Amino acid sequence: MTVRVRFAPSPTGYLHIGSARTALFNYLYARSVGGKFLLRIEDTDQKRSTDESLSSILDGLDWLGFAPDEEIVFQSKNIEIHRAAALRLLAEGKAYRDFTPKEEPGDQNVKQAIVDRARRQGGDKNLRDNPYRELSTEESDARAAAGEPFAIRLKVPENGQTIFEDAVYGHNERAYSETEDLVLLRSDGSPLYNLAVVCDDIEMGITDVIRGQDHINNTHKQILIYEALGEKVPNFAHLPLILAPGGKKLSKRLHGEIVSMTTYRDAGFLAAAFRNFLALLGWSPKSEQEIMTMDELVAAFSLDGIHRNPAIFNFDANNPKRWTDDKAIWMNAEYVRTMPLGELLPHVKTELKAAKLWRDEYEDEDREWYEKTVDLIRERFFTLRDFSSQGRAYFSEDYDFDPAAVNKNLKKFPDLEQWLPELADRLETLADFSEQPIHDLVAAMAEEKGTKLGVLMNGARTALTGVAVGPSMLAVFETVGRERSVMRLKSKVVWNL
RNA sequence: GGCGCAUUCGUCUAACGGUUAGGACGCAAGAUUCUCAAUCUUGUAACACGGGUUCGAUUCCCGUAUGCGCUACCA
């Protein structure tokens, strides 16, 4: 039987980093066993679901490159199927009508109220003590016919246990007595999550459910529904959670945009790099290779390489240099610097276009220069953003000067205000404007002025590129070109800042 | 409160009874005399604790501690 997995986000927020990893693992698993990767949008919570969130999630998945193999399923379209399933279980006596009036939510935080109630009840609560559980069919039908509102609950058997073998967490079993008679259908007739998931997974022919560890509890409930429905239970694999530094839960409220996938796209990350980073969070290929292409990830992927303990997504909100996980930043830099130039170019083009630095000549008569330049400057870059910020001076006359660089390389040597224009004059008449002759010329001038080569080189660096770091200055001169180099060395702008 | 899960360098992780406990990120030092957040080299740092089992435990068992998850007519 072909493996069919699904990623099932609910459109109530952006694509969370943990969800992205769940999608990745589902995708890798499907690819590694020749199965299908499907996408289902769990949009049954009409109050919280938004189109904005849906498109944000779709954008994120698209960016990461996880295209579903079949059409997207919207859970809200299957409500009639869910309802029919609940009614069928009711007719078969596997579920019952609960006429208990719906409890109105208090002003307290819902989550807190649930915990408090659970604490009060302790472990003594008998989950089968619902007065309507054993109501006769006649009376139940009569009250329903009279218009009395009711929810439909699953009639969980008194004795027995739900058992499943989790591909990650291993053997799992739970006595029925630990599971409540869960509500399948609300009193307004709408289905609840667990029912909807089971029905949809059956409908979609899902063979393997790979999802967050926070669903282990639901798995027991869902198995009960599968069994009541007389359907085959799929395989399960639960994934450890991704936590914030300090072991706390990673949340939007506490950690903001750092948990959103779009943040990384917008910060100039390469999807391939981020995917690679995500794959290593909670999973190990058991080899020492860390930089892996999608094909390599697929080839190495297996469910038993996944851990049971949560991974911490490390970052320091107070340190701009470490705004997100160090390793993610490093990995992105690694990709920017070492991936085949041909694969990087389209991304650089997008970046330059967004910064209004793109010129069509870069793909035409200036193509050679452009590719050489990108290849030269990417050596020290971390993200695609760097091409339009640190690398701006290569593509435009309108670039900024980093104050620290100006102080360190220019203001500290006031003589440079005269020397740099003089250097420009000499460069203007240099017969062969290439690395060796330029080096000889600058070295001779340094000697003549009684200064170090570095003073002239780094002064020129900041005048030409606005920053203090970059490739070898000889390469920079060549790349920026004689005309622009001369102009920038003569410019007084930087001295008047 | 109950049920469940986890615990190897600061972080991501390797190890499936016998290793100087390995790798990566970070950090530190040195090198590179035109810079550096690049590159190269070196270094730094971990088996939560207490009992067992065993000739021998990071590895198996039990307990403690800590952390996390779940606990809804949310998804």
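The secondary structure of chain A, seen here in a predicted model, comprises 22 helices and 13 strands. Along the principal axes, the C-alpha atoms of this chain fill a box of roughly 110 × 50 × 40 Å. The radius of gyration tells a related story, since chain A has 31 Å, whereas a compact globule of 497 residues would have a value near 23 Å.

Within these outlines, 47% of the 497 residues of chain A count as buried. Among the contacts in chain A with a separation of 6 or more, 76% are accounted for by residues 24 or more positions apart. The accessible surface of the chain comes to about 24,900 Å², and carbon and sulfur atoms hold 49% of that surface. As for charge, chain A carries 63 positive and 79 negative side chains, and the centres of these two sets lie 3 Å apart.

From this overall view we can turn to a single residue. Ser53 lies in helix 2, which covers residues 51-64. Is Ser53 buried or exposed? Ser53 counts as buried because its relative accessibility is 6%, and the cut-off for buried is under 20%.

Which residues does Ser53 touch, once its neighbours within four places in sequence are left aside? The contacts of Ser53 are then with Pro11, Thr12 and Gly13. For two of these residues a polar atom pair can be named: the side chain of Ser53 reaches the backbone oxygen of Pro11 at 2.9 Å, and a polar atom of that side chain lies 2.7 Å from the backbone oxygen of Gly13.

Terms used. Residues numbered from 1 in each chain as written. Chains lettered and ligands numbered in written order. Predicted model: local features only at pLDDT ≥ 70, side-chain atom pairs only at ≥ 80, totals over all residues. Heavy atoms only, no water. Helix = DSSP H or I, 4+ residues; strand = E, 2+ residues; numbered from the N terminus. Buried < 20%, exposed > 50% of the residue type's maximum accessible area, 1.4 Å probe, protein only. Polar contact = N/O pair within 3.5 Å; in protein donor to acceptor, adjacent residues only side chain to side chain. Contact = heavy atoms within 4.5 Å. Rg over C-alpha atoms; globule rule 2.2 N^0.38 Å. Areas by Shrake-Rupley, 256 points an atom, 1.4 Å probe, with all protein chains shown as cover. Lys, Arg positive; Asp, Glu negative; His and termini not counted. Charge placed at Lys NZ, Arg CZ, Asp CG, Glu CD.
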